[in-house]
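Here's a quick briefing on how the parts of this model pack against each other. Have a look at the structure first, then the notes below.

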Amino acid sequence: MRRTRAEKLFNVFNISFLGLTAFICLVPLLNTLAISLSDTLPVNRNQVTLWPVEINLKAYSFLLNNDRFWRAALVSIYRVLLGSLINMVLIVLCAYPLSKEPGKFQFRSLYSWLFVVTMLLNGGLIPTFMLVSGLGLLDTIWSLVLPGAVNVFNMVLMLNFFRGIPAELEEAATIDGAGHFRILWQIYIPCALPAIATVLLLSVVGHWNAWFDGIIYSNKLESYPLQSYLQTIIVGLQMMNNEMSVERYALFSQLNERSIRSAQIIIAMLPVAMVYPFLQRYFVTGIVVGSVKQ
Amino acid sequence: MKKKTTLRRLKREYPLHLMVLPALLMIIIFNYIPMAGVKIAFEKFIPAKGFWGAQRFIGLDNFRFVLSLPTTRIVLRNTVLIAASKIILGLAVPILFALLLNELRSLRYRRALQTIVYFPNFLSWVIMAGILMDMLSPQYGLVNEVIKACGGKPIFFLGDPRWFPSTMVITDVWKNFGFKSVIYIAAMTSIDPGLYEAAAIDGAGKLRQTWHVTLPGIRMIVILMTVLSLGDVLNAGFDQVFNLINPRVYDTGDIIDTLVYRMGLIDAQFGPATAVGLFKSLVSFVLIASSYFVANKWFAYRIF
């Protein structure tokens with residue numbers, strides 16, 4: 001197809017403009033990475049932009065010896081494993097009956113509404129906090145995994161995918177004498193793997209990134225997950241105990257605070273970066289409904 | 001007779017009920033029981049007496065108290081201002097990005113761009129705040145270094161009340177525009193290519209094809225997203241603002257959610273804090289419910 005000069009000009013502009021946009025998205029990450037890998041002096045002199053100067057791993061090796069950081073990371077890992085498992089079991093189990101037509105499942109609409117309402121209304125911060133505290137969950141892992149155990153949005157995603165699974169498969173299985181649990185396990189779950197992968201990855205990333213619950217439901221620093229821990233030491237307004245600042249002063253002499261902060265940020269985003277390629281592959285296919293072949 | 005069939009159905013469908021049960025229990029405990037907790041908004045709540053203790057009912061006094069605070073009006077204004085700007089730019093920028101992306105012919109370049117711009121969406125605001133506080137610092141931040149290099153004066157984006165709200169809006173758009181464009185890109189790829197061919201045969205250039213084919217093709221989804229975003233008018237973005245705010249910028253940056261947090265969990269004023277929270281929930285509920293109603297009526301949109 002022939003293209004006019006204006007179109008060619010636009011094309012050049014478009015390619016460079018979008019390239020610049022993507023570059024702007026990337027710069028902060030590159031800058032952080034470069035600072036975390038650079039030596040104290042260049043960082044203090046402000047010579048580091050996108051590429052590390054006098055590369056070293058001092059900041060990372062300092063973190064390696066920081067017990068608090070790793071304890072928080074362990075809490076996060078534990079929370080991701082337990083929390084995602086609970087999320088998946090509840091969502092898959094519940095999405096199956098709700099994907100049925102009302103004719104096949106009485107009260108389906110009633111149940112659905114009970115779930116949808118929670119997307120629109122909530123008790124708010126204070127009553128929820130009082131409930132979790134009243135149940136004696138403060139400072140336990142359960143305060144981090146139970147209150148958000150059912151993500152209704154993800155459940156809707158799953159149930160819409162389940163709807164796309166041909167009814168013939170289920171009818172055939174029913175004739176062969178399979179019950180609902182067996183149909184879910186042997187037909188729905190294998191058919192819905194892209195949706196399950198999507199929801200699982202969303203749940204993993206969600207648990208890894210959650211920080212506010214850790215701050216309000218934990219009194220002891222030991223029960224803080226990584227993001228809550230970083231929130232308090234990097235961006236938080238609340239002053240931490242003196243111990244922490246003594247430790248921080250001790251390292252001012254040899255290490256740059258900016259490098260350590262950046263190294264913490266990089267480590268905290270590492271798991272997300274690792275699952276991201278899979279997430280990106282699935283979130284479009286997972287969200288597009290009814291891709292099952294007959 | 002009717003009762004008998006209900007019973008029979010229950011018996012036959014009990015595995016389905018069993019499957020719903022665990023999730024149902026969780027939302028009853030963690031979503032519905034706290035809703036009863038809004039009674040605190042109407043009480044002179046004293047935590048020592050306990051939730052079920054003999055609290056004194058004071059009607060709307062908590063609401064009156066909050067309304068009498070001079071900060072309330074400021075906070076409400078900040079919230080609506082920041083949220084409305086985010087809604088407008090949060091719609092316009094992703095659509096524009098999707099339109100431009102749609103004009104690219106190199107699929108590989110396109111995919112690379114998408115991979116990069118979707119990523120910030122998956123990072124938490126804690127991490128983003130850590131990065132931004134460094135980048136936007138007036139002493140050593142990269143952004144201010146660029147401004148200085150261009151001959152400008154460094155700007156204290158996060159500490160200057162005049163700059164704080166726009167910084168919130170721009171950084172929010174920056175973090176989310178890529179991912180928000182997914183839905184428009186999906187809508188554009190589902191446009192029948194035959195329409196473009198027909199337009200080209202009729203002599204339409206690229207620009208006119210965009211105007212007459214692409215835009216009408218995504219019109220429905222654009223209107224739908226606009227309607228649905230109205231529910232966010234009081235959502236200025238707690239995660240972001242909480243992590244970036246500091247007392248210096250309370251005048252222009254303090255929002256309803258940060259106020260509720262400070263009142264309730266820092267100052268332990270449970271009654272007034274719950275009252276503010278309840279006010280926000282109710283307004284949001286009305287907005288969301290009516291936008292869903294419109295979306296359902298006009299576009300046959302259903303969540304289930």
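In chain A, the C-alpha centres of domain 1 and domain 2 lie 32 Å apart, with the domain bounds coming from an automatic or database domain assignment. Keep in mind that this is a predicted model, where local features need pLDDT of at least 70 and side-chain atom pairs count only at pLDDT 80 or more, while totals for chains, interfaces and linings use all residues. Residues are numbered from 1 along each chain as its sequence is written, chains are lettered from A and ligands numbered from 1 in the order in which they are written, and side-chain values use heavy atoms, with hydrogens and water left out.

**Domains of chain A**

- Chain A splits into domain 1 (5–56) and domain 2 (64–287), and the contact takes ten residues from domain 1 of chain A and ten residues from domain 2 of chain A (contact means heavy atoms within 4.5 Å).
- About 800 Å² is buried between domain 1 of chain A and domain 2 of chain A, and carbon and sulfur atoms give 60% of that; buried area is the accessible area (1.4 Å probe) that two parts lose on being put together, summed over both.
- One residue pair is in polar contact between domain 1 of chain A and domain 2 of chain A (both at pLDDT 80 or more). A polar contact is a pair of N or O atoms within 3.5 Å; within protein, one must be able to donate a hydrogen and the other to accept it, and residues adjacent in sequence count only if both atoms are side-chain atoms.
- On the side of domain 1 of chain A that touches domain 2 of chain A, α1 and α2 (40–44) of chain A each supply at least two residues, and the largest share, five residues, comes from α1(A). Helices here are DSSP runs (H or I, at least four residues), numbered from the N terminus.
- By class, that side of domain 1 of chain A has four nonpolar, six polar and no charged residues. Ala, Val, Leu, Ile, Met, Phe, Trp, Tyr, Cys and Pro count as nonpolar, Asp, Glu, Lys and Arg as charged, and the others, Gly among them, as polar.

**Domains of chain B**

- Chain B gets domain 1 (2–57) and domain 2 (61–299), with their C-alpha centres 34 Å apart.
- The area buried between domain 1 of chain B and domain 2 of chain B is about 570 Å², 76% of it from carbon and sulfur atoms. In domain 1 of chain B, V38(B), I40(B) and A41(B) lose the most area to domain 2 of chain B, together 57% of what that side buries.

**Chain A against chain B**

- The two chains bury about 8,100 Å² between them, with carbon and sulfur atoms giving 77%.
- Two salt bridges cross the interface of chain A and chain B. R258(A) forms a salt bridge with D134(B), the closest N and O atoms being 2.8 Å apart.
- Helix α1 (residues 5–37) of chain A gives the most to the side of chain A that touches chain B, with 19 residues.

Conventions. A salt bridge is a side-chain nitrogen of Lys or Arg within 4 Å of a carboxyl oxygen of Asp or Glu.
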